[in-house]
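Visitor: Hi, could you walk me through this one? I'd like to start with some helix packing and then look at the cavities.

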Amino acid sequence: ISSTELTGEFLKRSRALNADYNAFITIDEETSLAQARAADAMIASGQAGPLTGIPVAQKDIFCTKGWLTTCGSKMLSNFVSPYDAHVVERFNAIGAVNIGKTNMDEFAMGSSNETSFYGPVKNPWDITAVPGGSSGGSACAVAARMAPAATGTDTGGSIRQPAALCGISGLKPTYGLVSRYGMVAFASSLDQGGPMAKSAEDLALMLNVMAGFDARDSTSLMREPEDYARDLERPLEGLRIGLPREYFVKEINDDVARAVENAIAEYHKLGAETVEVSLPNTKLSVPVYYVLAPAEASSNLSRFDGVRYGYRAPEYADLNDMYCKSRAQGFGAEVKRRILIGTYVLSHGYYDAYYVQAQKLRRLVAQDFAEAFKQCDVIMGPTSPTVAFDLGERISDPVQMYLSDAYTIAVNLAGLPGMSIPAGFGNKGRPVGLHIVGNYFAEAKMLNVAHQYQ
Ligand code: GLN
């Protein structure tokens, strides 16, 4: 099958399903098909790599030259990027096809995709359920086979949690492995782009394209390139799986706990052993995150002033009024909540009490993992404490929404790699995700562990 035919099929499916699922904000058939034809020429001339000609959906947080890049916000609803993000450049260079820009929570703030200016995404397993967030459009697109693969970003769980809730695989790499250049900034010390796909094998092929040094991101790591697919077939005999005592507590739903226990029983059959480890500061991670992430967001989002690009209020009295009205009209409620929290914790008199304190606790959370990895190779647990919740169920209760990320957030605070893979089904037949956390740069090992189970 040619890339043109393959791309045509996925476009046909996307067009048919998007009215119901709302996974894509932008579909541009002509541009996708032109890329597919160019990929076919590349294949014909013998220059093809494993992903040449393969359609990949891009989360609408990645700048894509000539395409609308909205970040799920009214603020960027008119923004056509003049340049490509590093990740997009990488996919273009190997001849992958951009199959569309996926829906997301506004500025990646959310766990259900309900904060998007473009309306919520539906979970393809049950359209009364949320797909998770913030990369809910990408997760839905892959789960509904509207795209074979997609990119996501993960600041506190936004790749892993929607992957879990939609029954697909997703990987948040070690902080600094994938360049943030051209990825709209939310909380820069936590943000990391990564792949979302059906299987660990597909994630490995995508990570091979996405990872690598980029001088335009000051936190990009200079490392020898690796082949993340190299260890997929390695047997798991002797693998030590750490099970944190703090994860299997009463807050976790029985159905999720059962699915995770079943997955771990499978790992025993594959020759792995389990050891109990402790992450005593786990309970601090959500409160620490909700000081640090809003602090960074309030600073990052100050650039949206209606002057150089993005939304500008149609009527205003003077410059200050223009700033105020553009931001008041351009940002949604959750984004405003984060800006207010962030401005508060950074303000004079509160900075030491909140921001500095949270930075210290962040270190403790990271040290917990360092201790745990002395006793095990990977850590496992549930990705999310519950299966997908219903649309509308948590949107009016921010604290409930924030607790959706109780298991994923600590990994971002520590800068570690984490992934979610499908592990059966829980209540109402909705998917459960198994969370696998590795030490820094253990992506190849984690993909091996995931692939052996799949
Ligand atoms: N749900 C978390 C938040 O709203 C994480 C989002 C993310 O990882 N981008 O901040």
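Guide: Happy to! Keep in mind that this is a predicted model. Helix H6 (residues 200–210) packs with helix H14 (residues 443–453) at an angle of about 155 degrees, and their axes are 9 Å apart.

Visitor: So is H6 roughly parallel or roughly antiparallel to H14?

Guide: Roughly antiparallel, because angles over 145 degrees count that way.

Visitor: Which residues make the contact?

Guide: From H6 you have Ala-200, Glu-201, Leu-203, Ala-204 and Leu-207, and from H14 there are Glu-443, Leu-447, Ala-450 and His-451.

Visitor: And how do the residues of that contact divide into nonpolar, polar and charged?

Guide: Between H6 and H14, six are nonpolar, one is polar and two are charged.

Visitor: Nice. Switching to cavities: how many are there of 30 Å³ or more?

Guide: The count comes to three.

Visitor: What volume does the largest cavity have?

Guide: About 40 Å³.

Visitor: What lines the largest cavity?

Guide: Its lining consists of Ala-164, Leu-165, Val-256, Ser-384, Thr-386, Val-387, Pro-431, Val-432 and Gly-433.

Visitor: Which helix and which strand each supply at least two residues of that lining?

Guide: Those are helix H5 (160–166) and strand E11 (431–438). E11 gives the most to the lining of the largest cavity, with three residues.

Visitor: How many of the lining residues are nonpolar, polar or charged?

Guide: For the largest cavity, the lining has six nonpolar residues, three polar and no charged ones.

Note on methods:
Residues numbered from 1 in each chain as written. Predicted model: local features only at pLDDT ≥ 70, side-chain atom pairs only at ≥ 80, totals over all residues. Heavy atoms only, no water. Axes fitted to C-alpha atoms, helices over the stretch in contact; angles between N-to-C directions. Helix = DSSP H or I, 4+ residues; strand = E, 2+ residues; numbered from the N terminus. Parallel < 35°, antiparallel > 145°, perpendicular 65-115°, else oblique. Contact = heavy atoms within 4.5 Å. Nonpolar A, V, L, I, M, F, W, Y, C, P; charged D, E, K, R; others polar. 1 Å grid on protein atoms, 1.4 Å probe; cavity = no way out; pocket = protein on both sides within 12 Å on 5 of 7 lines; lining within 4 Å. Points joined across faces, edges and corners; volume = space filled by probe spheres on them.
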